[in-house]
Amino acid sequence: GDHSITYPIFQGIAAGRPVGMIHIDAHTDTWGEFYGSKFHHGAPFRLAVEDGLLDPARTIQIGIRGGQNTMEGIEFSRSSGMRVVMMDEFAEIGVAAVITEALRVAGDGPTYISFDVDGLDPVYAPGTGTPEIGGISTVDALRLLRGLRGLNLIGGDVVEVAPPFDQTGNTALVGASLMFEILCLLAEAQC
């Protein structure tokens, strides 16, 4: 599904207390109303913050880039207290430093991982609705996820795989592989 599926998941898992999040994506998904609706795939994390489900001080957004018609999403993320790692910063400081920062921001509280495949460069995941060039490689994505061991992880998702745009099936393979890594982290966190 698209990223709008994460908001109802948060309604279920964060009803008692807000959760932190490690969010890998090309977009912040913190935009406001769009075409008369506040419920769309560009707004789940804004809604979650506004409803007290997502703790912005324990949220990091990684790989943000691309053409923006408005700065509204990035400005909301930053002003609410989220740590935004633009793709230029990711490339400059490297995956190891981003892992360290993600672990610092998430802390030891309950945390969710949300991975939009458009956070990857479209050479690795072309089958998505809003691809943005200049993204994360699959090697760095695996290193990033594997570096998140030890989190108080309570859930995760991989979103925005679009089969009609996935001519070779590569995006589906990448999405399934990323979800496997997140499930391994969840299994370890439950032990």
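Reply: Ile74 lies in helix 3 (helices are DSSP runs of H or I with at least four residues, strands are runs of E with at least two, and both are numbered from the N terminus). The model is predicted, so local features need pLDDT of at least 70 and side-chain atom pairs count only at pLDDT 80 or more, while totals for chains, interfaces and linings use all residues. Residues are numbered from 1 along each chain as its sequence is written, and side-chain values use heavy atoms, with hydrogens and water left out.

Ile74 has a relative accessible area of 5% and is therefore buried (under 20% relative accessible area; exposed is over 50% and partly exposed lies in between, with a 1.4 Å probe and protein chains only). Leaving out residues up to four places away in sequence, Ile74 touches Thr28, Thr30, Ile64, Gln68 and Met86 (contact means heavy atoms within 4.5 Å). One of these, Ile64, is ten residues from Ile74 along the chain, and their C-alpha atoms are separated by 8.8 Å.

Strand 2 (residues 54-64) and strand 3 are paired in the parallel sense over four bridges (a pair needs at least two DSSP bridges). Opposite Val85 of strand 3 stands Ile62.

Thr59 is also found in strand 2. Its relative accessible area is 0%, so Thr59 is buried. Residues up to four places away in sequence aside, Thr59 touches Gly20, Met21, Leu54, Met82, Arg83 and Val105.

Both strands belong to an open sheet of five strands, with the order 3-2-1-4-5 and parallel pairing. Strand 3 (83-86) and strand 5 (153-159) are the edge strands, each pairing on one side only. Neighbouring strands are turned by 10° against each other on average, direction ignored.

Further along that order, strand 1 (19-24) pairs with strand 4 (111-116) in the parallel sense over five bridges. Met21 stands opposite Tyr112 in strand 4. Six of the six residues of strand 4 are buried, so the strand is largely enclosed by the rest of the structure. Thr111, Ile113 and Phe115 are buried on one side, and Tyr112, Ser114 and Asp116 on the other, which leaves both faces covered. Helix 1 (residues 6-13) lies across strand 1, strand 2, strand 4 and strand 5, and runs at about 170° to strand 4.

Strand 4 and strand 5 pair in the parallel sense over six bridges, and the bridge partner of Ile113 is Gly156. From strand 4 the chain goes through helix 6 (residues 138-146) to strand 5 in a right-handed β-α-β crossover (with the strands pointing away from the viewer, the path from the first strand over the helix to the second runs clockwise).

Helix 6 also packs against helix 5 (residues 95-106), at an angle of about 35° and with the axes 9 Å apart. In this contact Val95, Ala96, Val98 and Ile99 of helix 5 meet Asp140, Arg143 and Leu144 of helix 6. By class, the contact has five nonpolar, no polar and two charged residues (Ala, Val, Leu, Ile, Met, Phe, Trp, Tyr, Cys and Pro count as nonpolar, Asp, Glu, Lys and Arg as charged, and the others, Gly among them, as polar).

Ile182, in helix 7 (residues 170-190), is buried at 0% relative accessible area. Neighbours within four places in sequence aside, Ile182 is in contact with Ile113, Phe115, Leu145, Leu153, Gly156, Asp157 and Val158.

Two loop residues remain. Most residues other than glycine have a negative phi. Asp29, in the loop between strand 1 and helix 2 (44-50), has a positive phi near 55° and is buried at 3% relative accessibility. Glu160, in the loop between strand 5 and helix 7, has a positive phi of about 75° and is buried at 8% relative accessibility.

Note on methods:
Axes are lines fitted to C-alpha atoms, for helices over the stretch in contact, and angles run from 0 to 180 degrees between N-to-C directions.
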